[in-house]
Amino acid sequence: MQLGIDFTDRHVVVFGGTTGINFGIAEAFARQGARVTVASRKRENVDAAVDSLGRHGGAVHGVVADVRDFDAVGRAFAESVARFGPIDVLISGAAGNFLCEAKDMSSNGFKVVVDIDLVGTFHVLRQAHAHLRKPGGAVINITAPQSFVPMRYQAHASAAKAGVDQFTRVLALEWGGEGVRLNSISPGPIDGTEGFRKLMAPTPEDREFARTQVPLQRFGSLDDIANLALFLASPYAAYISGAIVPCDGGGAFESVKPALEAAGRSLSTSWVA
Ligand code: COA
Ligand code: NAP
């Protein structure tokens with residue numbers, strides 16, 4: 001049997017889909033013929049993503065919306081559905097992060113990450129529900145290893161992503177009866193991304209050490225994550241729902257943690273009030 005994954009004319013929405021890992025996912029679906037909507041906060045990122053995705057020849061729509069604004073998220077879906085029809089695949093991956101010890105973190109610093117990652121995920125899925133194809137819709141949240149691996153300097157993101165994981169599992173229970181599947185991808189260290197730049201140790205030596213701690217001996221690529229997203233959204237994953245699937249070369253626990261701790265140790269504390 002030949003494995004073919006075709007999303008021709010399917011409507012795929014990627015929230016937070018204008019850069020990095022999520023853009024890589026949007027691009028993979030565009031290559032498979034999908035009609036793709038991408039949304040994020042910054043007009044320049046949305047415009048650049050729409051330009052770039054348009055080169056694959058399919059229909060692309062871009063919307064500026066901050067996941068912290070429930071009504072703006074609702075308007076983004078209304079606009080995209082009016083254009084491309086019900087949503088076949090929804091990816092929710094907007095996130096914010098920075099390294100900081102909890103004892104030095106302001107209340108707003110903790111809140112901003114929880115608001116983007118966790119409350120934002122609620123906003124996106126809650127507003128999307130009415131527009132999802134039922135049965136047949138597939139939702140993929142993007143989580144992170146710190147949702148289950150405790151990591152220093154990551155109290156905010158760890159708490160937020162742990163919430164995202166359990167939210168994914170609960171909605172898999174609630175929406176399964178409507179024929180909607182929900183899963184989550186937990187990427188390991190993905191080279192060349194903003195998350196990698198922010199969280200990885202700054203020195204080449206520490207990075208090289210982190211690389212050697214990955215069982216598969218390399219950092220991940222955008223395609224590694226995008227391929228998993230294509231699979232989870234496809235009929236080949238028709239009986240998979242409520243799963244948190246790592247895509248991390250065999251052990252984000254081993255690789256991300258030491259590099260992140262080295263990065264944290266080199267933090268300047270000059271921003272602390
Ligand atoms: N260390 C400690 N606190 C920090 C910080 C840092 N490096 N960066 C921001 N904060 C604090 C700010 O001081 C502020 O708290 P305060 O009001 O008590 O001073 C709070 O976080 C909000 O910062 P602000 O810059 O106003 O938030 P924002 O909404 O403009 O940006 C962020 C959100 C901080 C998460 C920003 O990093 C962002 O936009 N990230 C998106 C991209 C990203 O992180 N990608 C990687 C995904 S893994
Ligand atoms: P990124 O390039 O910064 O991607 C974040 C995306 O979310 C951008 O498109 C950004 O665009 C958007 N965004 C941020 N805040 C938003 C908000 N408030 N409202 C709407 N959109 C917002 O980072 P990345 O490293 O690729 O990370 C992508 C996802 O993978 C995140 O969920 C992250 O937690 C996860 N992850 C990454 C890694 C890694 O190695 N990089 C590892 C594990 C997990 P705008 O700035 O235009 O809003």
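Ala138 sits in strand E5, which runs over residues 138–142. Ala138 is buried, at a relative accessible area of 1%. Buried means under 20% relative accessible area, exposed means over 50%, and partly exposed lies in between (1.4 Å probe, protein chains only). Thr37 is 101 residues away from Ala138 in sequence, and their C-alpha atoms are 15 Å apart in space. Strands (E, at least two residues) and helices (H or I, at least four residues) are DSSP runs, numbered from the N terminus.

This is a predicted model, in which local features need pLDDT of at least 70, side-chain atom pairs count only at pLDDT 80 or more, and totals for chains, interfaces and linings use all residues. Residues are numbered from 1 along each chain as its sequence is written, chains are lettered from A and ligands numbered from 1 in the order in which they are written, and side-chain values use heavy atoms, with hydrogens and water left out.

**Ligand 1**

- The shell around ligand 1 holds 15 residues, and the closest are Arg41, Asn97, Ser106, Asn108 and Lys198. A residue is near a molecule if one of its heavy atoms lies within 4 Å of it.
- By class, this shell has 5 nonpolar, 6 polar and 4 charged residues. Ala, Val, Leu, Ile, Met, Phe, Trp, Tyr, Cys and Pro count as nonpolar, Asp, Glu, Lys and Arg as charged, and the others, Gly among them, as polar.
- Arg41 has a side-chain N or O atom 2.9 Å from an oxygen atom of ligand 1. A polar contact is a pair of N or O atoms within 3.5 Å; within protein, one must be able to donate a hydrogen and the other to accept it, and residues adjacent in sequence count only if both atoms are side-chain atoms.
- Asn97 uses its backbone: a polar atom there is 2.9 Å from an oxygen atom of ligand 1.
- Ser106 places a polar side-chain atom 2.7 Å from an oxygen atom of ligand 1.
- On its own, ligand 1 has 940 Å² of accessible area, and the protein covers 60% of it. Accessible areas come from the Shrake-Rupley method with a 1.4 Å probe; for residues, only the protein chains shown count as cover.
- Helix H4 (107–128) and helix H6 (194–199) are the elements that give two or more residues to the shell around ligand 1.

**Ligand 2**

- Ligand 2 is surrounded by 31 residues, and the closest are Thr19, Ser40, Arg41, Thr193 and Gly195.
- A polar backbone atom of Gly16 lies 3.1 Å from an oxygen atom of ligand 2.
- Ser40 brings a polar side-chain atom to 2.7 Å from an oxygen atom of ligand 2.
- Asn45 also contributes its side chain, with a polar atom 2.9 Å from an oxygen atom of ligand 2.
- Ligand 2 exposes 880 Å² when taken alone, and the protein buries 91% of that.

**Helix H2**

- H2 covers residues 43–54, 12 residues in total. From first C-alpha to last, H2 reaches 16 Å, close to the 16 Å expected at 1.5 Å a residue. The expected span is 1.5 Å times one less than the number of residues.
- Val46, Ala49, Ser52 and Leu53 are the buried residues of H2. Seen down the axis, they fall within an arc of 135 degrees, so they line one face of the helix. The arc is that of the directions from the helix axis to the C-beta atoms.
- Glu44 and Asp51 are exposed, on the face of H2 turned away from its buried side.

**Backbone details**

- Lys134 and Pro135 are joined by a cis peptide bond, with omega about 0 degrees. Pro135 is in the loop between H4 and E5.
- Asp9 has a phi near 65 degrees, a positive value in a residue other than glycine. Asp9 belongs to the segment before strand E1 (11–15). Asp9 is partly exposed, at 48% relative accessible area.
- Tyr153 is not a glycine, yet its phi is positive, at about 65 degrees. Tyr153 lies in the loop between E5 and helix H5 (155–176). Tyr153 counts as buried, at 11% relative accessibility.

**Other residues**

- Asn22 is in helix H1 (residues 20–31). Asn22 counts as buried, at 7% relative accessibility. The side chain of Asn22 reaches the backbone oxygen of Gly93 at 3.0 Å.
- Arg152 is in the loop between E5 and H5. Arg152 is exposed, with a relative accessible area of 54%.
- Arg152 and Ala94 are 58 residues apart along the chain, and 22 Å separates their C-alpha atoms.
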